[in-house]
Every structure is written in C-alpha cells, then in structure tokens.
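Biologist: Please bring up the model, and then we can go through a loop residue and some aromatic rings.

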Amino acid sequence: IYCEPGKRIWVGTISGGVSFFDVGSPVVTQIMHHPNDDNSLVNNDVNNILEDSEGKIWFATNNGISIWNPETGKWKTLFNDKTKQAQVFLVLCEDNNGKIWAGSYSSGVYVLDSNGNELAHYAHGEKGSPSVSNFIFDIFKDSQHDLWIGGVNGEFVCFKTREQSFRNYTDIPVSSFAQLSENQILIGQSRGLLLLNKLSGNVENLLSGIVVQDILVLGSEIWI
C-alpha cells in the first residue's frame, strides 16, 4: 500500500495488478498488464510502489519495473524479460539527489536516474561493489538521508550520502528497516526485531521467536 499525500492511495497485488483511488472519492481504478501493449503496466505482480520527486509513479514487479507519468499517461518499462540480470524487483527508494535505488531478487541494487537510465549497479562479488546481498528486501532512507540496504545471503550496508560511500555491517537476514532515533535503526527479520546503533555498529536483540516483515514507528510506539 502506498499513499501519495493528498492525492491517491495505491494498492499493489499479486496477480491483480494495482488499484488506486483518489482521496475523497469512492471510485477505485484498477490497472492491469495488457499483453503486447508497451504502454501498460509490465506485470500484474506488484511488489512496491513509489512516487518520485517529479510526480512519476514507479512500480516494482515480478518482471521488471514500470514507470507511469500521470500527466502524459505514458508508461516506460525497465528490466523486463531479461535472462542475465534481474527481473524480480521488491523495493524502490528515492535518494536526496532524485536517484531511484531499485532492490532486486537475485541481482542486488540498481541506481537509476529519473528517466530509468542505469547509473550504477551493486551486487555481491561485482568489482567495486560493497559486500551487499543480491536478494534485497528493503531500502530505507533515514532522517540523515543515508540509505539502508538489506536482504538475505549477504551483509546489510548503509550508503552514507554525505561521504558518498558505503559502510558494511554484519551478515544477518533483513526484512525491513525503520528509524527509532537519530542513531538507532530498527531491523525486522525472520528471527525477530533488532536495534542497531548506527555509530558503533552494535546490534541488540529486542524480540526473538517471531517473524517481523514490516515496522512502523509512531511517536513512542513501534508497530510490527
């Protein structure tokens, strides 16, 4: 589920495409993939939705990425039907420079400009890349504009925006990130809920024996 503040509420589905409704309206519009139509959603399995700073809507799907321009009604498709690189994308995040970071399931992270052109690619074992997982479940931007990138079968990393460099942390599975305070990052995973000290790198176990898929911090409350 994704909310454009003051505009639309989007709901991505598995097999049913994506639906949205305008705030204040009961009318629900469904968007589906149309075979042999390049000007449509690329795949009906929608894993993540993002509105970028230019107002375009990005969709991470099980067969690439779709970009929809609401002003023109035009669609653009990236990474679909590829055999040597990622097809399944799980998460999208825009950094403070307007670049889109796309996390894939098998090929790490792609950094794209606002038109979908590839600027960088980070994957485990690739020259010049941090030791990041190839199976990315979450990319989270904190209040200091740093990006947290994590998944399974690899270390989770932080891209330090000011320094334009990566910091590697421990090799633990990550489902989701959230920020508790300026230097405290919550980590949800299949084993429970962890608390990371951003400065020292120390990890504290808060809850164990549960699967934490997502985290929401509201004031002094943590919802999982």
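**A loop serine and a ring cluster**

Modeller: This is a predicted model. S129 sits in a loop that runs between strand 12 (118–122) and strand 13 (135–141).

Biologist: Which residue has its backbone nitrogen 3.2 Å from a polar atom of the side chain of S129?

Modeller: Leaving aside residues up to four places away in sequence, S129 touches H121, Y122 and A123. A polar contact needs N or O atoms within 3.5 Å. At 3.2 Å from a polar atom of the S129 side chain lies the backbone nitrogen of A123.

Biologist: How far apart in space are S129 and G108, C-alpha to C-alpha?

Modeller: In sequence, S129 and G108 are 21 residues apart. Their C-alpha to C-alpha distance in space is 9.8 Å.

Biologist: What kind of aromatic pair do W10 and F20 form?

Modeller: The whole structure holds 21 aromatic pairs. For W10 and F20, the ring centres are 4.6 Å apart and the planes make 40 degrees. Planes under 30 degrees apart count as stacked and over 60 as edge-to-face, so the pair of W10 and F20 is tilted.

Biologist: Why does this pair tie together parts that are apart in sequence?

Modeller: W10 belongs to strand 2 (residues 8–12), whereas F20 belongs to strand 3 (residues 18–22). The pair therefore ties together parts whose separation in sequence is 10 residues.

Biologist: Are W10 and F20 buried or exposed?

Modeller: Ring pairs link both into a cluster with F59, W68 and W75. R8 lies over the face of F20, 5.7 Å from the ring centre. W10 and F20 are each buried.

Key. Residues numbered from 1 in each chain as written. Predicted model: local features only at pLDDT ≥ 70, side-chain atom pairs only at ≥ 80, totals over all residues. Heavy atoms only, no water. Helix = DSSP H or I, 4+ residues; strand = E, 2+ residues; numbered from the N terminus. Contact = heavy atoms within 4.5 Å. Polar contact = N/O pair within 3.5 Å; in protein donor to acceptor, adjacent residues only side chain to side chain. Phe/Tyr/Trp six-rings, centres within 6.5 Å; stacked < 30°, edge-to-face > 60°. Buried < 20%, exposed > 50% of the residue type's maximum accessible area, 1.4 Å probe, protein only. Lys NZ or Arg CZ within 6 Å of the ring centre and 35° of its normal.
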